[in-house]
Amino acid sequence: MATDTGHRRLRRPWLTRLRPRGEADLDRAALPRALIQDAVARLGPGPVARAIELSSAVVRRFVAEAPSLGGGPAGVEMPRRGNEATTVRALSTLAGSAAAAPPVGEEAREGIRAFVHRATPLEQVLQGVRIGHAATTEAFLRACAPS
């Protein structure tokens, strides 16, 4: 799945060192395969696999801290897709290739529809956004810190 283009020119050295901590299967990503392949071409397989792994961890934290937002197994898939798109997009932006990053729009609209359908209060949705952003930011800051 990895290609030999783009990802060697990343401007942030810490991005090239990103690797999953466990086994992250790019084929089990929540995002469409074409978006994952494009991200791998731009960023490399390690950073994309780490983004997918991080997204899963963020969603677990999100559901643990705000269980009403998860809504069961089907309800977890929606925030997983949205968070994965946001995480890959953030890495693309940090790498200097935001114009080619996956769009976040449809995943966000899908999430909004699901929360409206379940009558989830706005305060809970915003709490989930805060949890997700905090967990992702913490992970990125740990990744770019000198080892």
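## Contacts and fold

Of the contacts in the protein between residues at least 6 apart in sequence, 78% join residues at least 24 apart. Contact here means heavy atoms within 4.5 Å. The model is predicted: local features need pLDDT of at least 70, side-chain atom pairs count only at pLDDT 80 or more, and totals for chains, interfaces and linings use all residues. Residues are numbered from 1 along each chain as its sequence is written, and side-chain values use heavy atoms, with hydrogens and water left out.

The protein has 7 helices and 0 strands. Along the sequence the pattern reads α-α-α-α-α-α-α. Helices (H or I, at least four residues) and strands (E, at least two) are DSSP runs, numbered from the N terminus.

## Burial and surface

Of the 147 residues in the protein, 41% are buried. Buried means under 20% relative accessible area, exposed over 50%, and partly exposed in between (1.4 Å probe, protein chains only). The accessible surface comes to about 8100 Å² (Shrake-Rupley method, 1.4 Å probe). Carbon and sulfur atoms account for 58% of that surface.

Ile112 lies in helix H6 (residues 105-117). Ile112 counts as exposed because its relative accessibility is 52%. Ile112 and Met78 are 34 residues apart in sequence, with 9.8 Å between their C-alpha atoms.

## Nonpolar cores

In soluble globular proteins, nonpolar side chains tend to be buried together. A nonpolar core is a set of buried Ala, Val, Leu, Ile, Met, Phe, Trp, Tyr and Cys residues joined through side-chain atoms within 4.5 Å. The largest one has 23 residues. Leu15, Leu26, Ile36, Val48, Ile52 and Leu91 have the most contacts inside it. Helices H1 (13-16), H2 (33-43), H3 (45-65), H5 (72-94) and H7 (122-144) each supply at least two residues of this core. H3 gives the largest share, 6 residues.

Leaving out residues up to four places away in sequence, Ile52 touches Leu26, Ala29, Ile36 and Glu84.

H3 and H7 are the elements that give two or more residues to the lining. H7 supplies the largest share, 4 residues.

The lining divides into 7 nonpolar, 1 polar and 5 charged residues. Ala, Val, Leu, Ile, Met, Phe, Trp, Tyr, Cys and Pro count as nonpolar, Asp, Glu, Lys and Arg as charged, and the others, Gly among them, as polar.
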